Amino acid sequence: MRLFSYFLGILLLICSSCAVTKHKNIPYVLTENTDLTSHIFQPKKETTKLHPVLIFVHGGNWNSGKKETYGFLGRNFAKKGVVSVIPDYTLSPKANYEKMTQEIAKNIVWVKKNIENYGGNPQQIYVTGHSAGGHLVALAVMNPKYGIDQNNISGIILNDAAGLDMFSYLQKNPPTSENNYLTTWSNDPNTWEKASPINYMSENTPSILQYWGSKSYLSIIEANQDFYNTLEEFQPNLEKIVLKKKHVPMVLQYIWPWSKRYDEILHFMDTTKTSN
């Protein structure tokens, strides 16, 4: 039965590719030293109605990962009527968290200006990320210094996000050269505080849908619970979904088009449509 489900999933993935147009390596930042691009997945069915937009930022401990790994997520959302944008960004040790966040903010700005050319609705933009990607999208949107008008973001979807309170984590686990953490975060507690999305909540924070795994890393579980508890002051009706999964399976579940996560996120989009 498990083998049958596997091959059925592969067949559905192949079929979903036929219903989607993939735009590869679309530049969102071009300079002499930087060439940052996104893959954009667009529903193939022609319609005059613009589709909601989802920007997905991959994880990888801020020093690994690539957008090419997550085509399954882009295709599955596009098949369900969502224009999906998967950007790359500069990883540590070539960049620290600040540069990464700036790049994700630039991607959001680019999407707002250009996504209508790909069938996306610039008035209905959502951001999501797994692990380190969750940290980057939250910080890019929630910290005003990155220049994102929070009214332009309809919602934030955090998938087992890491780094939501780097100040507390790094106080207990000071950064070393392991995992390039000294490059990513420095050894300055003031920097850790500035890098923590938990410190930027306000009445302007877009609606947040929060996922975390009950079998994930303890630091992620604790930070997500603290983030949720703090956010309740501003969003008393916010939703959290805790799943009995480890950290990596929290994103791998999106391989399967029938995952309940798609229905949950589409419902979240349907109830948070309005942005300016």
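How much space lies in the largest cavity? About 50 Å³ lies there, in a predicted model whose local features need pLDDT of at least 70, whose side-chain atom pairs count only at pLDDT 80 or more, and whose totals for chains, interfaces and linings use all residues. Residues are numbered from 1 along each chain as its sequence is written, and side-chain values use heavy atoms, with hydrogens and water left out.

All 5 of the 5 residues of strand β6 (residues 155-159) are buried, so the strand is largely enclosed by the rest of the structure; buried means under 20% relative accessible area with a 1.4 Å probe, protein chains only, and strands are DSSP runs of E of at least two residues, helices runs of H or I of at least four. Gly155, Ile157 and Asn159 point one way from β6, while Ile156 and Leu158 point the other way.

Strand β5 (residues 120-130) runs parallel to β6 and is joined to it by 5 bridges, with valine 127 partnered by isoleucine 156. Strand β7 (residues 208-213) also pairs with β6 in the parallel sense, over 4 bridges, and here isoleucine 157 has leucine 209 as its bridge partner; two strands pair if DSSP finds at least two bridges between them.

## The cavity

The structure holds 1 cavity of 30 Å³ or more, a cavity being a set of points on a 1 Å grid over the protein atoms alone where a 1.4 Å probe fits but cannot get out, with lining residues having an atom within 4 Å of a point. Its lining includes Ile157 and Asn159, and β3 (51-57), α2 (71-79) and β6 each supply at least two lining residues.

Definitions and conventions. Buried means under 20% relative accessible area, exposed over 50%, partly exposed in between (1.4 Å probe, protein chains only). On a 1 Å grid over the protein atoms alone, a cavity is a set of points where a 1.4 Å probe fits but cannot get out, and a pocket is an open set with protein on both sides within 12 Å along at least five of seven lines; lining residues have an atom within 4 Å of a point. Grid points are joined across faces, edges and corners, and a volume is the space filled by probe spheres set on the points.
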